[in-house]
Number of protein chains: 2
Amino acid sequence: MVLTVAQSPTLAAALHDTAAAIEDALDRLLPKGADAQERLYQAMRYSSMGGGKRLRGFLVVQGSALFNVSPRAALRVAAAVEMLHAYSLIHDDLPAMDDDDMRRGKPSCHKAFDEATAILAGDALQARAFEVLAEPDTHSDPAVRVELVRALAEAAGAHGMAGGQMIDLLAEHERLSEAEITRLQMLKTGRLLTFSAEAGAIMGKAALAQRHALAAYGRDLGLAFQIADDLLDATAEAETVGKATGKDATAGKATLVALLGVERARAQAALLAEQAAAHLDSFEARGDLLKDLVHHVVSRRA
Amino acid sequence: MVLTVAQSPTLAAALHDTAAAIEDALDRLLPKGADAQERLYQAMRYSSMGGGKRLRGFLVVQGSALFNVSPRAALRVAAAVEMLHAYSLIHDDLPAMDDDDMRRGKPSCHKAFDEATAILAGDALQARAFEVLAEPDTHSDPAVRVELVRALAEAAGAHGMAGGQMIDLLAEHERLSEAEITRLQMLKTGRLLTFSAEAGAIMGKAALAQRHALAAYGRDLGLAFQIADDLLDATAEAETVGKATGKDATAGKATLVALLGVERARAQAALLAEQAAAHLDSFEARGDLLKDLVHHVVSRRA
């Protein structure tokens with residue numbers, strides 16, 4: 001297992017290597033075998049593995065490197081976060097939710113399998129994410145493991161990701177203000193990115209100020225990322241992104257791009273990116289890779 | 001808060017009082033308030049509160065009483081288990097799964113709200129269950145809290161409840177053997193009942209032999225309970241049960257009642273009940289209430 005951490009020459013190499021290491025960890029940690037419920041295992045693997053930018057997992061791994069957490073432990077937490085993210089994508093894609101047929105360039109889970117299997121695969125991925133965090137291999141200190149569970153559960157639940165998706169659904173036929181859209185996105189994608197950024201500080205038993213700096217970085221990165229994602233949806237071609245585009249506007253989805261227009265939204269993303277990077281100043285050169293990531297996220301084309 | 005524990009005169013009173021105390025705990029622990037995602041909170045409360053036998057919560061509370069665990073802590077764990085159970089019912093009732101319009105004598109979650117809200121309410125209930133277990137109020141020892149999380153996640157996931165539901169769906173058009181049906185039910189309902197029965201031993205840091213005795217009790221109780229449930233479905237009237245009956249046979253669902261017939265299934269349930277009670281012999285008179293519960297479960301009419 002080779003992990004490129006903060007000392008690596010380029011962000012691209014670090015992203016690539018970390019994604020490969022997370023893929024290995026998922027392969028080890030997800031269920032397999034010829035049980036009667038093998039179809040469930042297959043659906044869990046189908047939607048978690050073989051794709052995705054692994055942005056959340058990358059944050060966990062790079063945040064952990066700041067506190068000399070063992071790469072093996074960091075990869076377990078990275079894999080858990082990616083399982084939770086994959087579950088949310090499976091459920092968001094369901095016909096009763098956003099009704100998306102494609103995800104990461106291939107048929108979404110309920111198209112490749114069926115709706116019932118997709119619902120169960122999401123459910124089981126959520127359970128497995130918490131199980132992985134709770135297992136002794138994740139950290140020798142049970143207080144650290146249980147704080148990882150608590151913080152991830154908070155990020156995932158009614159005051160986090162699931163709550164944000166609820167607001168998003170309710171907002172389809174309602175014009176939200178800039179503040180309301182920001183709150184929606186904070187919950188829907190921001191909380192999980194925040195957890196990903198601060199997980200290393202939890203594992204490394206960092207000072208609270210350091211944990212808070214990373215959490216603030218994750219929060220601003222998340223908001224910048226969401227605007228970048230919405231800009232992509234509004235401007236890019238479907239084949240570049242690997243999923244249907246232009247759907248948000250058609251569905252009347254609440255985005256800052258729709259509210260502010262492309263240029264002002266782009267300026268807002270740039271401002272958030274500056275802010276995100278500034279939270280890492282106290283880490284000096286060791287925070288450079290995470291700073292580079294911010295600019296990569298805002299300027300990405302897919 | 002009044003809790004009737006093992007010393008109470010009658011099982012009926014203990015069941016009643018414990019259900020009321022669990023209802024209070026759910027009210028305290030579930031989200032509420034006028035947030036933008038209030039509809040999600042409402043759906044979570046709608047499907048968790050105001051109904052149900054609270055069998056799983058009762059097992060947690062009575063198992064905890066054997067080890068002098070504080071009733072307040074036991075009720076938090078009981079509420080978490082009931083949240084997890086409620087989430088599984090919400091998702092099982094969805095049109096893509098068992099397609100049930102009624103649950104606990106009222107419209108199921110996706111009928112009272114809508115499918116998207118029901119999916120999210122289940123998702124958020126699962127997250128909240130793990131969050132409640134992980135919070136410091138549940139136990140002063142983080143090692144205990146994280147073991148509760150690990151064991152519940154294992155019981156809920158691909159090798160437990162979700163896996164059992166997958167097998168159940170796959171079995172709709174296939175005739176299973178007695179061994180296969182038993183395994184299906186072990187996963188689908190048995191694992192969560194087993195966790196409920198052993199949770200008190202985890203909280204009370206009991207000797208492993210005691211934890212295993214309670215787990216074995218929970219496993220056999222679960223199998224007996226499932227047969228009793230299937231017998232009810234095959235023989236009772238819809239209005240007594242509070243949900244549609246006779247559906248299992250119509251859907252070609254795999255049950256021991258369908259395979260063995262009513263009389264042999266009844267005998268099998270009685271045998272499992274004997275076995276379940278015997279696991280509690282080492283607790284002497286302190287285990288009487290849990291023994292009474294077994295016979296109550298097998299002979300229940302609704």
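In this predicted model, the largest nonpolar core comprises 210 residues. Within this core, the residues with the most contacts are Val149(A), Ala224(A), Val149(B) and Ala224(B). Apart from its neighbours within four places in sequence, Ala224(A) is in contact with Ala269(A), Leu272(A), Ala273(A) and Ala276(A), as well as with Val294(A), Val297(A) and Val298(A). In soluble globular proteins, nonpolar side chains tend to be buried together.

The contact between the two chains involves 44 residues of chain A and 44 residues of chain B. On the side of chain A that touches chain B, two or more residues are given by each of helix 2 (38-48), helix 6 (115-134), helix 7 (142-156) and helix 8 (161-170) of chain A. Helix 6 of chain A gives the most to this side, with 12 residues. By class, the chain A residues that form this side divide into 27 nonpolar, seven polar and 10 charged.

In chain B, the axes of helix 8 (residues 161-170) and helix 9 (residues 178-203) come within 7 Å and cross at roughly 150°. Because angles over 145 degrees count as roughly antiparallel, helix 8 of chain B and helix 9 of chain B are roughly antiparallel to each other. Their crossing is left-handed. From helix 8 of chain B, Met161(B), Gly163(B), Gly164(B), Gln165(B), Ile167(B) and Asp168(B) take part in the contact, meeting Leu184(B), Leu187(B), Lys188(B), Arg191(B) and Leu192(B) of helix 9 of chain B. This contact of helix 8 with helix 9 in chain B has five nonpolar, three polar and three charged residues.

Technical notes
Residues numbered from 1 in each chain as written. Chains lettered and ligands numbered in written order. Predicted model: local features only at pLDDT ≥ 70, side-chain atom pairs only at ≥ 80, totals over all residues. Core = buried A, V, L, I, M, F, W, Y, C linked by C-beta atoms within 7 Å. Buried ≥ 20, exposed ≤ 12 C-beta atoms within 10 Å, placed from the backbone. Contact = placed C-beta atoms within 7 Å. Axes fitted to C-alpha atoms, helices over the stretch in contact; angles between N-to-C directions. Helix = DSSP H or I, 4+ residues; strand = E, 2+ residues; numbered from the N terminus. Parallel < 35°, antiparallel > 145°, perpendicular 65-115°, else oblique. Left-handed = near helix turned anticlockwise from the far one by under 90°. Nonpolar A, V, L, I, M, F, W, Y, C, P; charged D, E, K, R; others polar.
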